[in-house]
Amino acid sequence: MAKYFDVSVEDIFNTMEARFRVEGAKGVNAVLAYDISGDGGGKWLVEVRDDSVKVSKTDDLSGFSVKTAADAETFVGVNIGKIDGTQAFMSGKIKIEGDMALVAASAKMFTRYSLPKKSAVTVQGIFDTLLARFQPQNAAGLDIAVGYDITGDGGGQWTAVIKDGKCSLETGLRDNCAVVNIVKAKDYIDLILGKLDPMVAIGAGRLKLKGDMNIAMQLPKIFAKFEPPKEEDEQELIVIKRNISVDMKYSTGPVMGKFFEGLIEKKIFANKCPKCGRMQVPPREVCAECRCWAGDMIEVGPDGTITLIEIIYYSSPDPLTGETRETPYAQVHILLDGIGTEETFWHLLKNEDLADTQNGDRVRPVWNDKRVGSVHDIVHFKKIRD
Amino acid sequence: MKKHKKNRNVAIIGIGQTHHSSHREDVNQPEMIHEAVELALKDAGIGIEDVDALVHGNMELFEMVHQPDLWHVIGTGGYGKACYRVTTGGTTGATIVGVGDNIVASGLHDIVMIIGFEKQQEGHTTGGITNMADPLWARNLQTGALTGATAAKTIKEFGEDRAKRAAMRLRVTLDKHAALNPHAHRSFGLDYDQIDDLMANSPQLVGELRLIHMCSQSDGAVAIILACEEKAKKISKKPVWIRDHVTVHREETFNMFGINENQEVTHHNAARKLFGRNGITNPREYFDVFEMYDPSSWWGLDWLREFLQLEGDEHLKMVENDEVSINGSFPLNPSGGVISTNPIGATAALRVAEAALQVRGDAGAHQIPREVKHALASGFGGTFWTVLFMLEKDLDWQEAE
């Protein structure tokens, strides 16, 4: 199985059900499809149903809510944090089809894949400390050689020579060993760390002792217990999360106040600069260009002509509710009738009009039934179709 | 040569910037700032004890920390020193350099360190910018700094294909520049043969403003040390002189979309003033490099025209003919610009820092391949707020008058 950054694509999917976070998937009913190309790739479906998840390898990705396609290396890299996902997406290495918001949401549905911790203890490491652990007082009078035949990955052969209260270590097996320990590397590490009982190991045939059993039994006295090196724990960098929610209130003042009062009466008020004659809507106390009081309030519109449509695809948060806005939607800048040519009025376009409305089209406000003096007294503007 | 009156000359004598990335979770705010401060002091060859005053800037609404300069004293070294705190939106980085320039030129302080930073991943940038709009009306409608208005305007004026192609060509050019800058937050390895694909397939944000056109959100900090002429000449082998800077401000302009296309925007106004009072009649010829605050490729394209006071389609031609590339006749953002690296409170200061590195010849792989004597750097924020700097290698402009 091809691995990238020591992780295979299978590793990611095989652990997905275990990494599922119920609290992150509340209300989600979706099928996430993954089409991973290249060595070690394949097709997977991840079905999230509110509080459950099912991950399956498949040939048929039909019926998905969103499909993510990437090469195996990119996919693994993004999942384990070695590759920046946004970067990969923007440069076209990840392609997303369907409901893109689900991809962002999936980050909340699963905890991040983390590499299984590898043991820091190696067979070589154990033998590197053997001489230091030698206890001469417990080896008085011994003149022996002890062989170790550690098999498999990470193994090797050593001979500890004990004579005159001294110990030396050779690589390789001497022919004249009093006893030879034959054991797989992984089992040997477990034995030394006390995770595997020697009697159990012998009984199961995982530890074979060739030669003098009695000497083998003395070994734990001749050599002090191996203390594994203290694992250098990578410091966890703690991130404190905060969600600030504050009630705010803003005074509107007499000028904006008059404008908001007008909205309640389904009227749009502008004010006029006595010097340059330009109209302002919403009205502002002064004309900032002429630096003078702009007092006269004049009713304008409510119909007008669109000067610019902005179709929004990026879902930004609504600052009033904190909710993500549904996209696409359109903002319109409108020259209201009677305003002159210098000041556009900013509002929203009715969603149903999005497809066939363009600059220059005539629009009219749709009033909210309940008007309180706010931007929402106008629901949106709609295209005039007569 | 004409010059703008300045009480005394001011030079940039030290520059330090952090590694920029979307996630600097490895450090907290003061630690990140400290990286830049340390590098700037080392670059200047002085200690914090030599610094008389600090100017600190970012956007409070992005990280939601009020008066972060107090927390940051442990990273800035500001204990017991004069400290000014400035927050002017995207313009912040340029405004803090402007404040530094002013308080040194005035004679108030001899050596000043300016510090711009942002850790955008700690908050919500678009949410923060949206809260910048007036709460009575515009806030309910705004979508952060995203707008397709300039794209629409450019397409209307020059035709869809030419406009889109020019904006994307500029995008690719700046991505290539960013690839040369080891400090840049991101470079995608784009090439010109991807222009058609990106024009059609990069996800749309607003109208024809696409994801690939838009600047990043970065974490990072920059520190710049300014000194008066007397100190600069003693301390620095390569002082870069701030000849002049101008700042132009206006009321919100949410009310003129789609109309008033002939109204002078602040960039044009700022450049006109700066060039006028310094006797620069042909900025394209005078300046060897321009570090522009380019939040999107559409703006970068359009603003070439505004800043350089160009007519017709000259700005498009500059991009189409690769004049703006690092090897071209008028290199634009050899650092990769804002589009590649955007820790907002630092961003505009990075324009000045990068322009100064070009003047010193110390930009490294993104050094333009000829001598840089005169550099231009801009800042932008709000709906339209401009700061524009001109930097000089020599003090020779003084002699004429």
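**Reading the interfaces**

Visitor: How many residue pairs are in polar contact between chain A and chain B?

Guide: A polar contact is a pair of N or O atoms within 3.5 Å; within protein, one must be able to donate a hydrogen and the other to accept it, and residues adjacent in sequence count only if both atoms are side-chain atoms. Between chain A and chain B there are 8 residue pairs in polar contact, both residues at pLDDT 80 or more. The model is predicted, with local features needing pLDDT of at least 70 and side-chain atom pairs counting only at pLDDT 80 or more, while totals for chains, interfaces and linings use all residues. Residues are numbered from 1 along each chain as its sequence is written, chains are lettered from A and ligands numbered from 1 in the order in which they are written, and side-chain values use heavy atoms, with hydrogens and water left out.

Visitor: What area do chain A and chain B bury between them?

Guide: An interface is often sized by the accessible area lost when the parts come together. Here buried area is the accessible area (1.4 Å probe) that two parts lose on being put together, summed over both. For chain A and chain B this is about 3,800 Å², with 65% of it on carbon and sulfur atoms. On the chain A side, A:M90, A:Y314 and A:W346 supply 19% of the area buried against chain B, more than any other three residues. In terms of contact (heavy atoms within 4.5 Å), 46 residues of chain A meet 43 residues of chain B.

Visitor: How many salt bridges are there between chain A and chain B?

Guide: A salt bridge is a side-chain nitrogen of Lys or Arg within 4 Å of a carboxyl oxygen of Asp or Glu. The count between chain A and chain B is 0.

Visitor: Which elements of chain A supply residues to the side that touches chain B?

Guide: Helices (H or I, at least four residues) and strands (E, at least two) are DSSP runs, numbered from the N terminus. Helix 3 (85-90), helix 10 (253-264), strand 16 (304-312), strand 17 (329-336) and strand 18 (345-349) of chain A each give at least two residues to that side. Strand 16 of chain A has the largest share, 5 residues. By class, the side of chain A that touches chain B has 26 nonpolar, 12 polar and 8 charged residues; Ala, Val, Leu, Ile, Met, Phe, Trp, Tyr, Cys and Pro count as nonpolar, Asp, Glu, Lys and Arg as charged, and the others, Gly among them, as polar.

Visitor: Which domains make up chain B?

Guide: Domain bounds come from an automatic or database domain assignment. Chain B is divided into domain 1 (10-126 + 218-235) and domain 2 (137-217 + 243-398). Their centres, taken over C-alpha atoms, are 23 Å apart, and the contact involves 42 residues of domain 1 and 33 residues of domain 2. The two domains of chain B bury about 2,700 Å² between them, 65% of it from carbon and sulfur atoms. In domain 1 of chain B, the residues losing the most area to domain 2 are B:Q17, B:H20 and B:S218, together 20% of what that side buries.

Visitor: How many salt bridges and polar contacts lie between these two domains of chain B?

Guide: The count is 1 salt bridge and 13 residue pairs in polar contact, both residues at pLDDT 80 or more. Helix 4 (92-105) of chain B is among the elements that supply at least two residues to the domain 1 side, and helix 4 gives the most, 9 residues. The side of domain 1 of chain B that touches domain 2 has 13 nonpolar, 23 polar and 6 charged residues.

Visitor: How many aromatic pairs are there over all chains?

Guide: A pair of aromatic rings is described by the distance of the centres and the angle of the planes. Rings of Phe, Tyr and Trp (its six-membered ring) pair if their centres lie within 6.5 Å; planes under 30 degrees apart count as stacked, over 60 as edge-to-face and the rest as tilted. The structure holds 23 such pairs over all chains. For A:F260 and B:W137, the ring centres are 6.3 Å apart and the planes are at 40°, so this pair is tilted. A:F260 belongs to helix 10 of chain A and B:W137 to the loop between helix 5 and helix 6 (149-158) of chain B, so the pair joins two chains.

Visitor: Where does a cis peptide bond join A:V281 to another residue?

Guide: The cis bond is to A:P282, with omega about -5°. A:P282 sits in the loop between strand 12 (279-280) and strand 13 (286-287) of chain A. Another cis peptide bond joins A:G301 and A:P302, with omega about 0°.
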